Amino acid sequence: TSFTLDYARVGPDIHGNILVEANAPNVAVNGAVTVNSSSAIRTSAAIAHIVPAGNERLLVVSVMTDGNTDVTSITYAGVQLTQAIEQDSGATGQSVEIWYLKSPPVGTANIVVNFAGDTDPSAITGTNFTGVDQNRPIGATIGAGAATGTAISASLTTRSPTSVLFG
């Protein structure tokens, strides 16, 4: 069974969304969400993050930037994450990227984000999930952006009624 999600907002704004796909009856957030934001110019960021024990783990890292600067890589405990989506706003120079890592190592390590150049401001979050399908952890992805006063609209369809929308 699948369902379709529609959402709409009025800009200026930008959204990137992914579906975290379930392998168990319930996908759950596991542990604390790590948040780091900066209004200083930086070309990289290292943020301490804890991955608790749990079955079928997934680490999802979202990065929001301003100034037309892409993320070149993200690692956790030295292991490379995979990019799920990048959504640029175009004229405003804002972007959101979502990256993930299947079965991240349990414990405390740094999330290291490398930018293609100077970025200011930027914000980074790290979120842990359990109960995630390790063969296909990320289902549909969708992104949208709009200028001031313009409606943002997106629609996506899940593979499972227990999928979780992130973004």
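The model is predicted, so local features need pLDDT of at least 70 and side-chain atom pairs count only at pLDDT 80 or more, while totals for chains, interfaces and linings use all residues. Residues are numbered from 1 along each chain as its sequence is written, and side-chain values use heavy atoms, with hydrogens and water left out.

Start with confidence. pLDDT is the predictor's confidence in each residue, on a scale from 0 to 100. The protein averages 81. Of its residues, 77% score at least 70. Strand β8 has the highest confidence, at 98. Strand β1 (residues 4-10) has the lowest, with a mean of 49. Over residues 8-12, pLDDT stays under 50. For that stretch the model has 19 contacts beyond four places in sequence. Here, contact means heavy atoms within 4.5 Å.

Now the sheet. Strands are DSSP runs of E, at least two residues long, numbered from the N terminus. Two strands pair if DSSP finds at least two bridges between them. Four strands form an open sheet in the order β5-β11-β7-β8, with antiparallel pairing. β5 and β8 (79-80) are the edge strands, and each pairs on one side only.

Follow β7 through this sheet. Five bridges join β7 to β11. Two bridges join β7 to β8. Y76 has bridge partners in both neighbours: I111 in β11 and V79 in β8. S73 stands opposite N114 in β11. β7 and β8 form a hairpin with two residues between them. In that turn, A77 has a positive phi of about 55 degrees.

Burial comes next. A residue is buried under 20% relative accessible area, exposed over 50%, and partly exposed in between (1.4 Å probe, protein chains only). Five of the six residues of β7 are buried, so β7 is largely enclosed by the rest of the structure.

What lies inside? A nonpolar core is a set of buried Ala, Val, Leu, Ile, Met, Phe, Trp, Tyr and Cys residues joined through side-chain atoms within 4.5 Å. The largest has 17 residues. V61, V63, I74, Y76 and V113 have the most contacts inside this core. The elements that give it two or more residues are β5 (42-51), β6 (58-66), β7 (71-76), β10 (94-102) and β11 (107-119). β11 supplies the largest share, four residues. V113 touches T43, S44, A45, V63, V71, S73, I74 and I124, not counting residues up to four places away in sequence. A second, separate core has 11 residues, including L58, V60, F129 and I138. In soluble globular proteins, nonpolar side chains tend to be buried together.

Finally, look at N55 and T130. N55 is in the loop between β5 and β6. T130 lies in strand β12 (residues 122-130). Is each one buried or exposed? N55 counts as exposed because its relative accessibility is 63%. T130 counts as buried because its value is 15%. Leaving aside neighbours within four places in sequence, N55 is in contact with T130 and G131.
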